[in-house]
Amino acid sequence: MQFHISGYSTGDPLEQPAAGYGVDRPEELPDTMDVLVVGCGPAGSIAAAQLSQFPNVNTRLIDQRPHRLELANADGVHSRTMETFQAFGFAHEIFAEAHEITDMAFWVPDPQNPENIMREVSTAELGPEYSEWPMMLITQVRIIDHFNRFMRNSPTRMKPDYGWEFVDLEVAPESAKEEYPVTVTLRRNGGPEDGKERQVKAKYVVGADGAKSKVRKSLGYRLRGNQANHAWGVMDVFADTDFPDVRKKCTIKGHSGRSILLIPREGGFLVRYYVDLGEVAEDDNHAVRETPLQTVIDTANEIMHPYSIDVKNVVWNTIYEVGHRVSDHFDDRDSTYTDGDHPRVFIAGDACHTHSAKAGQGMNVSMQDGFNLGWKLGHVVSGNSPDELLRTYAEERKDIAHRLIEFDKEWSTLMATPADQLPDPQTVRRFYNKTAEFNAGYLTEYEPSMLTTSDEHQGLATGYPLGRRFRSEMCGRVCDLVHTHIGHEHTADGRYRIYVFADAEMPGESERLNAWADWAHEHLDSSLFDVKVIFQQHYRAFDMRHVHPAFKPRVGDFQLLNMENAWGTLEDVDIFETRGISRDGAVVVVRPDQYVAGIFPLDQTDELAEFLGRTFNDVKAKASAVKA
């Protein structure tokens, strides 16, 4: 963590200096704003948190609740999401508070006594070779609290505006060229003005207002897909039990054909049970949702025999029917209520895709929606990037949503299939192990586009597949000799990261690296790009005198040198080996949302400039000036 950049202070080091719209930020919702985010759930919160790092973007986050969210149903945090939390500075706090999942236990009917269950096997979750972070379990409420703190400490001093219900919106014709083309009707929820309507204007609107999204409906879109005829009872409980794996994540298939997904929660005592309530008749008309809680508890005890649970307290419970649905579109370009090719309204999270809760995907995928969109809006509104950048949100995230739905259909079907109807007792476990990387979020892969290059130079860095998330690795920081994960230096400040892997020459002696650094010093603005260098030599074999000024940018009011952007290899970890980096060097470009955007040779700065110029007007202008 870097602070004291522009002077000494004994206050909270997480609190950044106020700037832009954060200076004298009005408490009341203004009449006009750049971005209006509707919904304080995971997708809306992370989008707003990312936008809070853009001081000159006036963003407001509204929610129809009159107060902070106090109870929520999402709780699974996959390791890819923990990497995201690292960028926002609170992964270590989630790790300390949440329940860590190391294994998944599979329970099946005992062949010798089918009325009883037995542990078939306990299989390990993905290990540190995939990520330095494990899977965690913690309520969505605490995660949103952390995003709210991040916003509050940001330059924009952002915080949610509670008690505003979205009613409708209207987008002005593109030909009108209005500065704030989206007119939004809101209604006060709670307080002395309860029920009073008001209109505000925005340049962009993000609908992160859940599966019943009014923003989606205002565009004339629907969630399309299948509503499976199967119901589950869910309960968060404090209960006495003799079940030995109550603090492990478990699937339990009973002799009746029904099953339980058991999720141990944070704190050491709270447990969530997803209890299979069986098939639902097509003419049920949601009557199953009236199933008494005691029926859910009794069904759980039947499935778990000879073990039992004695429920002492119920924190939360519900009945739901599995559904797998995706919105027609993810932005307003195809809406019959708008015109033009430039998107102004977006939907994210449950507003555009819904699925079962049993794979723990809803909150995780929703946050990646918001992260993907947030930095793009920030750069377009700030004037850093062309409007075309915003089209990539729908193009990238809709494909991910469809892949998620297909995975979830298979997993939900297996969970609902009686043990005696499966091909063999190991079917569920095999599917779980086979899809573990996808479930953890590692296999998200963005196709070549204005944001992702072709695989022409993939061979220079085989451990960083293009379009996939950047995997961190341990290196030795040169300036202070600290061992650190280089990926942990990637903070959610909206900047691209450019990792320059040096060739084999001694630091300071490589003509190719020095030529690249001279170019970068001239063409890459440090407010848009955080440029780092990793040498092949041991980190103690040289010092910062051998590092080019391009990797020592001047920062803060005093324009001091930032010395923390140069690394070397460790005795027992050589990142060039572990990540398949060419000994001739390579340049790896990483987007603000931690996905690998491009790989380039050290001596092809023209190609790099052309690629970055697609996204950043400044780079394009400088490259054009050189050619002229």
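Contact means heavy atoms within 4.5 Å. Helices (H or I, at least four residues) and strands (E, at least two) are DSSP runs, numbered from the N terminus. The model is predicted: local features need pLDDT of at least 70, side-chain atom pairs count only at pLDDT 80 or more, and totals for chains, interfaces and linings use all residues. Residues are numbered from 1 along each chain as its sequence is written, and side-chain values use heavy atoms, with hydrogens and water left out.

**Figure 1. Helix α1 and the elements that cover it.** Buried stands for under 20% relative accessible area, exposed for over 50%, and partly exposed for what lies in between (1.4 Å probe, protein chains only). In helix α1, 10 of the 10 residues are buried. Among them are P42, G44, I46 and L51. The cover over these buried residues includes β1, β2 (59-63), α2, α4 (140-152) and α7 (362-382).

**Figure 2. G39 in the loop between β1 and α1.** The loop that holds G39 lies between β1 (32-38) and α1 (42-51). G39 has a relative accessible area of 6% and is therefore buried. Apart from neighbours within four places in sequence, G39 is in contact with G44, S45, L61, I62, D63, A208 and D209. M136 is 97 residues from G39 along the chain, and the C-alpha atoms of the two are separated by 24 Å.

**Figure 3. Q86 in helix α2.** Helix α2 spans residues 79-87 and contains Q86. With a relative accessible area of 18%, Q86 is buried. Residues up to four places away in sequence not counted, Q86 touches A91, W133 and H488.

**Figure 4. An open sheet of seven strands.** Two strands pair if DSSP finds at least two bridges between them. The strand order is β20-β19-β25-β22-β21-β26-β27, with mixed pairing. β20 (483-485) and β27 (596-600) are at the edges with a single partner strand each, so one side of each has no neighbour in the sheet. On average, neighbouring strands of this sheet are turned by 30° against each other, direction ignored. Helix α13 (residues 605-615) packs on the sheet and touches β21 (496-501), β22 (529-538), β26 (586-590) and β27. The direction of α13 makes about 160° with that of β27; axes are lines fitted to C-alpha atoms, for helices over the stretch in contact, and angles run from 0 to 180 degrees between N-to-C directions.

**Figure 5. The pairing of β19 with β25.** Strand β19 (residues 474-477) and strand β25 (residues 566-569) are antiparallel and joined over two bridges. R477 stands opposite W567 in β25.
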